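Subject: Structure handover

Hello,

Please find the structure below. My notes on it follow.

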Amino acid sequence: TYTHAVVQAFGFKGWVETWSEKPDRHYSRTELGPFKLAEGTDGTTSWRTDPTTGRVVKLADRDLQEATVSAWFEGERWTDPDQGGGRVTVAGTEHDSTGTYTVLAIEAPGSEGIKPRKLWFDEKTGLLARMEAPHDQSWVVTTFSDWRRAAGRLRPFVSETGISSMPANRMRAEVDSIAVDVSVAGVAFSITDSSGGNALRW
């Protein structure tokens, strides 16, 4: 799946492109104001660019684990018949000023030591309204809206992401292009320099 979105954050405006391919490949690149960022995972290795130098950093340990888990969620593996090897449970019901939600707690395979993500589904529409992902001692909270039918299914065209401990810092993304069954030839899911430290160009 390919997605292009316009993003706004920290007083800057830019764009983000993402490619994902099941079961566990993900790549994204972002330009936001003066920053150029990229990251990828091929299911075994993961990498990202240093935002100040633009050089590639190969991930290890907890960073690698979190990147692999994120790619699993990006590919919506929890919707597979076998839950993508993960674990899905009903965590309960939540209420706020906008409605009532059924909350699922979802664990990706290989996520030992990482709290489950919580996905809130609107009981009126059945659509995903909110996702909470653990990050250090806080939660990354993403809300989804403006659902439209595109590429064969309903998809959210607007998302807003913030960290619970820093509510003033939020990123808004508005999708303007989406495609499925696209060629991923040449997409940099993995890095050629296994030691990291090479400069990324696009």
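How many helices and strands are there in the protein chain? There are one helix and 13 strands, where helices (H or I, at least four residues) and strands (E, at least two) are DSSP runs numbered from the N terminus. Along the sequence the pattern reads β-β-β-β-β-β-α-β-β-β-β-β-β-β. The radius of gyration, taken over C-alpha atoms, is 17 Å, close to the 17 Å that the globule rule gives for 202 residues, so the protein chain is as compact as a globular protein of that length. That rule is 2.2 Å times the number of residues to the power 0.38.

The model is predicted: local features need pLDDT of at least 70, side-chain atom pairs count only at pLDDT 80 or more, and totals for chains, interfaces and linings use all residues. Residues are numbered from 1 along each chain as its sequence is written, and side-chain values use heavy atoms, with hydrogens and water left out.

The C-alpha trace spans about 50 × 35 × 35 Å along its principal axes. Of the 202 residues, 37% count as buried (under 20% relative accessible area; exposed is over 50%, partly exposed in between; 1.4 Å probe, protein chains only).

With 35% relative accessibility, methionine 171 counts as partly exposed. Leaving out residues up to four places away in sequence, methionine 171 touches Val7, Gln8, Ala9, Ser159, Glu160 and Thr161 (contact means heavy atoms within 4.5 Å). Glutamate 160 is eleven residues from methionine 171 in sequence, and their C-alpha atoms are 5.5 Å apart.

Regards
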